[in-house]
Each structure stands twice: as structure tokens, then as C-alpha cells.
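User: I've got a structure open and I'd like to learn how to read it. Can you walk me through some features?

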Amino acid sequence: MPGPSVSVVMAAYNGADHIDAAIASVLAQTQAALDLIVVDDGSADATASAVEDWARRDGRVRLLRRDHAGHALALNAGIAAADGDFIARIDHDDVWRPQKLSLQLAWMARHEVDVCGAWVRRIGEASGTIRFAQGHAAIRADTLFTCPMLDSATVFRGDVLRANPYPPEAFVRQELAQCLRLLPAHRFANLPRVLCDYRFHAGQKTRRFAPMIRYRHAQLRRQAFTDQFPDAPTEDVAAFAELAMVGDAPVDLGQLRAASRLFLRYLRFTDKEARLRMRRRWKRLCQGAACCDPGLADLRQSTLDHL
């Protein structure tokens, strides 16, 4: 019997410099039944012609061309055209390992998962490995601070993504917005193995729209907090929103005390992985504190003892 089919959706905009490597990594997958839908979002470079070259050589590649309307709408056009049992996402500047899809499909079947990501390696102008949370509870907890998955490393059950396309207004951070929408009703996991190379370069959207991304990220963190703790009083929501706006900037002792109250009141999770990750986040917050007050060490340890 044939295995499950996977439709791979790639939205591309002015991606000619890197798209060949991305497409080659999709077509080299050990997963046999797949097709690749590339949506060219009105590129002004040679992106479309590069995809056409691939389509002439390999019948699994299909090009959809549209006027420039933004990443989320381009993705949704690809999702609407996808008919696979599963839908996988990859950006035009990222690269997959050959066994990525096969390993993720097996993991999803074994653990009854609806959305499956993986660990990723930074390439290009950055290095190191991003080890995302593995289990559903820890992934949901991590939305309070970061996006817990990389879109380019993610596989969705086809019916889940077709019923829940990306929010069309999500110009940036659409992957986190999608996580917040799907997590309450669908099972998530990240396979604890590096299966995707995440490229950092000067032209990527995270560089070009950094201030907008920081602002939108803070909004979504606040949404994650109110979704998970709907009974939180207004003052606690406001305190968390202030912490979210700080981002990675150094915090002073007053901000740390406010953060400690939030950690102890809301972030003492029963799930072991979520609890360990919250402890690490608290340690990092303290390490980045912009103060040398002697009370810092006591606050750090007393909070850690109760997390």
C-alpha cells in the first residue's frame, strides 16, 4: 500500500539567491509520495524562472504566480491548492535534511500528533542549534516567551491546515499566531532531532522588519498569557505585557521583582519539561539584569527554589 502523501508549500518573494537549494532539499526527501507547490508572491527577480526550470525537470514541482500580497496570503494560496494527507512548510531560503518528512510522519503516527516540528540548525550569518520544546504542554508554555516552532520545519495534518489557513492580516509572526490558534484544539510536538537548516541573511524578513516584529511578538505574548490564564486580574495582564515589551533588553531589579511574582503565580507548571524550561528562562532573565544590587542573588535563588 502506498504511504501517506505530503504537499509541501513554499511561498517565495525575491528568493532567487537561495531557492534552488531549498527545492533540491525537498525533492531529495526519502518520503516518496510528495509534491511541491511554490507560490511566487510577485517577485521582481528570477525566482519564478528558477521554479519553472525545476518544474520542467521534475513533475512534482508546481508554480503558482500571483501579484505581491504578502507572505500569509501566498501561503494560503498554496494551502488551498494542496491535496496531500499532510502539508509541510518550507521557506525559500531554508534547507531540509533528507529524512525529515519520513521521520516526522512516523513520529506523528506513533504519538498521535496533529502538528509536528523539529529542532533546527542556524546557517549563513548565524550558527548553533535551536532545541525547541518537545511536548505539547511545554510548547504551549513556551508561547508565553517565543515562537515554539519554526514554520520551515513543520508538518501539519492536511485537514487541520486546510480548515485553519494562516491569518491573512498576519504580515509578521504568522507562525506564532497560527500556533496560538491551533494549540487549544490540536496536538503539537517537536521531534528532538535537527532536520532543518534555518538560514540567516541580510535580506530576510526578520532583519528588514525587526521593529514591527518585536511589537507584534509582544502583542502575541500578551494574547498567549490571556488565553492560558483568562482569570488573571488586569494588573497581572498589564505586568506581563510590560515584561513582553522588554523582550531581550536588560531588566532592572524592580522589573525582576514583578517578573518573579508572575513566574511564581502563573508559571509553575506541573509538566516536567515545561517546568524545566521556565526555570531556564528565569535564570536567563536574571543573568541579563542591568543591576548589581545585592538583593538580586537572593531574589534569583528564592524564585528558582519555588519554580
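User: How far apart are the mean positions of the positive and negative charges in the protein chain?

Analyst: This is a predicted model, so take the values as computed from it. The mean positions lie 5 Å apart, with 41 positive and 36 negative charges going into them.

User: What radius of gyration does the chain have, and what would a compact globule have?

Analyst: The idea is to set the value against what the chain length leads you to expect. For 307 residues, a compact globule would come out near 19 Å; the protein chain has 20 Å, so the two agree. Along the principal axes, the C-alpha atoms fill a box of roughly 65 × 45 × 35 Å.

User: What share of the residues is buried?

Analyst: Buried here means under 20% relative accessible area. That covers 52% of the 307 residues. As for the accessible surface, it comes to about 14,000 Å², and carbon and sulfur atoms own 50% of that.

User: How many helices and strands are there?

Analyst: The protein chain has 13 helices and nine strands. Let's look at one helix, α10, which runs over residues 234-246. At 1.5 Å a residue, its 13 residues should span 18 Å; the end C-alpha atoms are 19 Å apart, so that agrees.

User: Which residues of α10 are buried?

Analyst: General idea first: an α-helix has 3.6 residues a turn, so residues three or four places apart point the same way. In α10, the buried ones are Asp236, Val237, Phe240, Ala241, Leu243, Ala244 and Val246.

User: What follows α10?

Analyst: Gly247 does, and its phi is positive, near 65 degrees.

Note on methods
Residues are numbered from 1 along each chain as its sequence is written. This is a predicted model: local features need pLDDT of at least 70, side-chain atom pairs count only at pLDDT 80 or more; totals for chains, interfaces and linings use all residues. Side-chain values use heavy atoms; hydrogens and water are left out. Helices (H or I, at least four residues) and strands (E, at least two) are DSSP runs, numbered from the N terminus. The radius of gyration is taken over C-alpha atoms; the globule rule is 2.2 Å times the number of residues to the power 0.38. Buried means under 20% relative accessible area, exposed over 50%, partly exposed in between (1.4 Å probe, protein chains only). Accessible areas come from the Shrake-Rupley method with a 1.4 Å probe; for residues, only the protein chains shown count as cover. Lys and Arg count as positive and Asp and Glu as negative; His and the chain ends are not counted. The place of a charge is taken as NZ of Lys, CZ of Arg, CG of Asp or CD of Glu. The expected span of a helix is 1.5 Å times one less than its number of residues.
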